[in-house]
Amino acid sequence: MACRISELIIPARDPQGLAAFWCEVLDFVVLDPDDGGAVEIGPREGFGGLQPTLVFVPAAEPRTGQLRLHFDVNATDRDQDAELERLLKLGARPADVGQSGDEPWHVLSDPEGNEFCLLRARLS
């Protein structure tokens with residue numbers, strides 16, 4: 001028997017705002033807003049599927065330092081350049097984590113400064 005990741009918990013200064021950003025990036029929906037301010041998002045089929053859900057929980061302090069964990073995302077219906085343009089319009093920003101500039105991926109940050117990478121390969 002093995003485990004699989006079902007949820008990822010992400011502290012956020014603005015859980016609703018960050019949830020809205022990631023819903024647009026991943027084509028997720030809000031599954032479970034909670035009275036304590038947490039917001040869970042995931043695939044339209046809900047919790048328990050192949051993709052983990054993301055739970056944004058309130059955090060009083062801003063994040064400091066580079067994340068020890070980050071997301072890698074791949075476009076599903078367009079090439080990398082078109083997806084980069086879409087992500088930047090959603091509010092992502094280029095981020096510098098020490099890359100050389102020759103990488104086949106783009107390092108970005110979400111509206112709260114959490115780094116993520118846009119990879120080249122398109123997934124179906």
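This is a predicted model: local features need pLDDT of at least 70, side-chain atom pairs count only at pLDDT 80 or more; totals for chains, interfaces and linings use all residues.
**Entry 1**

I found an open sheet of four strands in the order 1-4-3-2, and its pairing is mixed. I then looked up which strands stand at the edges. They are strand 1 (7–12) and strand 2 (29–33); each has a single partner strand, so one side of each is left without a neighbour in the sheet. I noted an average twist of 25 degrees from one strand to the next.

I looked next for what packs on this sheet. Helix 1 does, and it touches strand 1, strand 2, strand 3 and strand 4 (53–58). I also wrote down the angle between the direction of helix 1 and that of strand 4, which is about 160 degrees.

**Entry 2: strand 3 and its partners**

I took strand 2 and strand 3 (residues 39–42) as a pair. They are antiparallel, and four bridges join them. I looked up two residues of the pair: valine 29 is opposite glycine 42 of strand 3, and aspartate 32 is opposite glutamate 40 of strand 3.

Strand 2 and strand 3 make a hairpin, and five residues lie between them. In the turn I noted glycine 37, which has a positive phi of about 100 degrees.

I turned to strand 4. Strand 3 and strand 4 run antiparallel and are joined by three bridges.

Which way do the residues of strand 3 point? I found Val39 and Ile41 pointing one way, and Glu40 and Gly42 the other way. In a regular strand, side chains alternate between the two faces of the sheet. Are these four residues of strand 3 buried or exposed? I noted that all are buried.

**Entry 3: proline 11**

I listed its contacts, leaving aside neighbours within four places in sequence: they are Val57, Ala59 and Glu112. I also checked proline 11 against aspartate 81. The two are 70 residues apart in sequence, and their C-alpha atoms are 29 Å apart in space.

**Entry 4: the sheet with strand 5**

I went on to another open sheet. It has four strands in the order 5-8-7-6, with mixed pairing. At its edges I found strand 5 and strand 6 (93–94); each has a single partner strand, so one side of each is left without a neighbour in the sheet.

Inside this order I looked at strand 7 (residues 106–109) and strand 8 (residues 115–118). They pair in the antiparallel sense, over four bridges. For serine 109 I found glutamate 115 as the bridge partner in strand 8.

**Entry 5: the largest pocket**

I ended with the largest pocket, whose volume is about 740 Å³. It is lined by 28 residues, and the closest to its centre are Leu26, Phe28, Gln51, Val73 and Asn74. Which elements give two or more residues to this lining? They are helix 1 (15–26), strand 5 (71–73) and helix 2 (80–90). Helix 1 gives the most, with four residues. I sorted the lining by class and noted 15 nonpolar, four polar and nine charged residues.

How values were computed. Residues are numbered from 1 along each chain as its sequence is written. Side-chain values use heavy atoms; hydrogens and water are left out. On a 1 Å grid over the protein atoms alone, a cavity is a set of points where a 1.4 Å probe fits but cannot get out, and a pocket is an open set with protein on both sides within 12 Å along at least five of seven lines; lining residues have an atom within 4 Å of a point. Grid points are joined across faces, edges and corners, and a volume is the space filled by probe spheres set on the points. Ala, Val, Leu, Ile, Met, Phe, Trp, Tyr, Cys and Pro count as nonpolar, Asp, Glu, Lys and Arg as charged, and the others, Gly among them, as polar. Two strands pair if DSSP finds at least two bridges between them. Axes are lines fitted to C-alpha atoms, for helices over the stretch in contact, and angles run from 0 to 180 degrees between N-to-C directions. Contact means heavy atoms within 4.5 Å. Buried means under 20% relative accessible area, exposed over 50%, partly exposed in between (1.4 Å probe, protein chains only).
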